Amino acid sequence: MADIKKLNTWFQVADNSDFSIYNIPFGVYSDGNVKHHACSAIGDSIIDLFELESADVFDLNRSVFEKENLNDFIALGKTVTNKVRNKIIELLCDENSILKKDTALYNEVIKKQNVVKMLMPVKVGDYTDFYSSIDHATNVGTMFRDPNNALLPNWKHLPVGYHGRASSICVSGHSFHRPKGQTKPADSETPVFGPSKLLDIELETAFVIGKGTQMGDSVTTANADDYIFGMLLFNDWSARDIQTWEYVPLGPFLAKNFASTVSPWIVTLEALEPFRVKGYEQNPPLLPYLQYSGNKNIDINLEVYLKPQNGEENLVCTSNYKYMYYTMEQQLAHHTVNGCNINIGDLMASGTISGPKETEYGSFLELTWRGTKPIKLKDGSERKFVNDNDTITIRGYCKKENIRVGFGECAATLLPAKN
Ligand code: CA
């Protein structure tokens, strides 16, 4: 893969910032004066695109940056959105740009990230969750079925998935109550009702659909990237005890639909392109509609942290998006092969991303092996699953040739069950 073309910005960006000049993601923010404006990020700051367009730098109707979410902006198409992103990069690299020279404009446009509130970046119409990490599927199959036959017969032939719930997807920084539901304790003949005792996380990423299709149309692995606007971090909160009892035979339902968390910044596929890597060798060979060529996996370092109430943050696991068996392009081709239509803003989540090592498992279910190997925290306490008032934060970034492109944070706090 070719070296990344080096850029120099006049804006001061720390070396470990997720928001280097190579990133330039998209999001939506609010503060005391702004209800909702589209924005980008550079270093520790946001770039208000509505205010920036007062200088007519993008040649667009600026009202598109004043919407509640990015859906209308994304609908302008990649030709336009890439032009906007490239223009922001140009303004941040040109020492004589209007953004650098015009102090009044600069002061309207640039705000510190820690004084604004990030909002849901898109209105999610439909949300799909896949199950595409081979290590995760193998671990779960080993635990719940047969260690010698962990993967079900379909797994290596298609990216397994299910349709999830869009209404309860929240942006980073939220909190939610421990779900209640029906479970069947091992020592009981009949189910019981109460708060979930096994509340878990799932370390995932998700991609945002950037272009819709009509019913009957299918996206191919070769043109899938035209339909993918970008990626974000995703936590698919899961109540394992509810899941174990309810999932047969139709799959996840109330164990998953009470809350999911996304990071606020959509990192564009274009920003991630330099970090593409070779995918898994897929054997047995797949049906032609799932085959693809080129490097379609992405090297994204992933981290999960747990912070007890008033306590210190603990690194719980690390993983990497490159461990995915199926690529986003294959997931999208499979999703639409039957003619299922997709819409701008739809979210498609990866499924739990586990790596081969025990420290690289993307859920407490795997990390503690169903609670049999609790995790020790810095304060001496242990966790089998997530406790009330714990905050879980996912972070993710790509790094190559000292160039860093990151996602920021995907954080949420689990509150006690509601009375
Ligand atoms: Ca999941």
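**A walk from a buried cysteine to the calcium ion**

Cysteine 39 is buried, at a relative accessible area of 0%. Here "buried" means under 20% relative accessible area, "exposed" means over 50%, and "partly exposed" is what lies in between (1.4 Å probe, protein chains only). Before going further, note that this is a predicted model, where local features need pLDDT of at least 70 and side-chain atom pairs count only at pLDDT 80 or more, while totals for chains, interfaces and linings use all residues. Residues are numbered from 1 along each chain as its sequence is written, and side-chain values use heavy atoms, with hydrogens and water left out.

Back to the cysteines. The structure holds zero disulfides, a disulfide being a pair of cysteine sulfur atoms within 2.5 Å. For cysteine 39, the nearest cysteine sulfur belongs to cysteine 410 and sits 17 Å away. Cysteine 170 is also in no disulfide, and its nearest cysteine sulfur, again that of cysteine 410, is 11 Å off.

Now for some secondary structure. Helices (H or I, at least four residues) and strands (E, at least two) are DSSP runs numbered from the N terminus, and two strands pair if DSSP finds at least two bridges between them. Five strands line up as S4-S3-S2-S1-S5 in an open sheet with antiparallel pairing. Strand S4 (110–112) and strand S5 (117–118) are the edge strands; each has a single partner, so one side of each has no neighbour in the sheet. If you look at where S5 meets strand S1 (residues 27–30), you'll find two bridges joining the antiparallel pair.

In the segment before S1 you come to isoleucine 24. Its phi is near 50°, a positive value in a residue other than glycine, and isoleucine 24 is buried at 0% relative accessibility. Aspartate 56 also has a positive phi, near 60°. That aspartate 56 lies in the loop between helix H1 (49–52) and helix H2 (71–74), and at 49% relative accessible area it is partly exposed.

Two cis peptide bonds are worth a stop as well. The bond from valine 248 to proline 249 is cis, with omega near 0°; proline 249 is in the loop between helix H7 (240–246) and strand S16 (260–262). The bond from asparagine 283 to proline 284 is cis too, with omega near 5°. Leucine 287 is in the loop between strand S18 (276–277) and strand S19 (297–298), and proline 284 is found in the loop between S18 and S19 as well. Leucine 287 is exposed, at 54% relative accessibility.

On to the charged side chains. There are 24 salt bridges in the whole structure, each a side-chain nitrogen of Lys or Arg within 4 Å of a carboxyl oxygen of Asp or Glu. Lysine 67 and aspartate 72 form one of them, with their closest N and O atoms 3.0 Å apart. Both partners are partly exposed: lysine 67 at 31% and aspartate 72 at 38%. Another joins lysine 378 to glutamate 312, at 3.5 Å from N to O. This pair links distant parts of the chain, 66 residues apart: lysine 378 is in the loop between strand S23 (375–376) and strand S24 (382–383), and glutamate 312 is in the loop between strand S20 (301–307) and strand S21 (314–320). Lysine 378 is exposed at 55%, and glutamate 312 is exposed at 52%.

Lysine 373 and glutamate 358 meet in a salt bridge of 3.7 Å, N to O. They are 15 residues apart, with lysine 373 in the loop between helix H10 (364–367) and S23, and glutamate 358 in the loop between strand S22 (347–349) and H10. Lysine 373 is partly exposed at 41%, whereas glutamate 358 is exposed at 54%. Elsewhere, salt bridges with shared partners tie Asp200, Glu202, Asp236, Arg240 and Lys256 into one network.

That brings us to the calcium ion, which is coordinated by Asp129 (OD), Glu202 (OE), Glu204 (OE) and Asp236 (OD), at 2.2 to 2.3 Å. Donors are N, O and S atoms within 2.8 Å of the metal (3.2 Å for Na, K and Ca), and water is not among the atoms, so sites may look incomplete. Along the sequence the donor residues follow the spacing D-x72-E-x1-E-x31-D. Glutamate 202 is buried at 4% relative accessible area, and glutamate 204 is buried at 0%.
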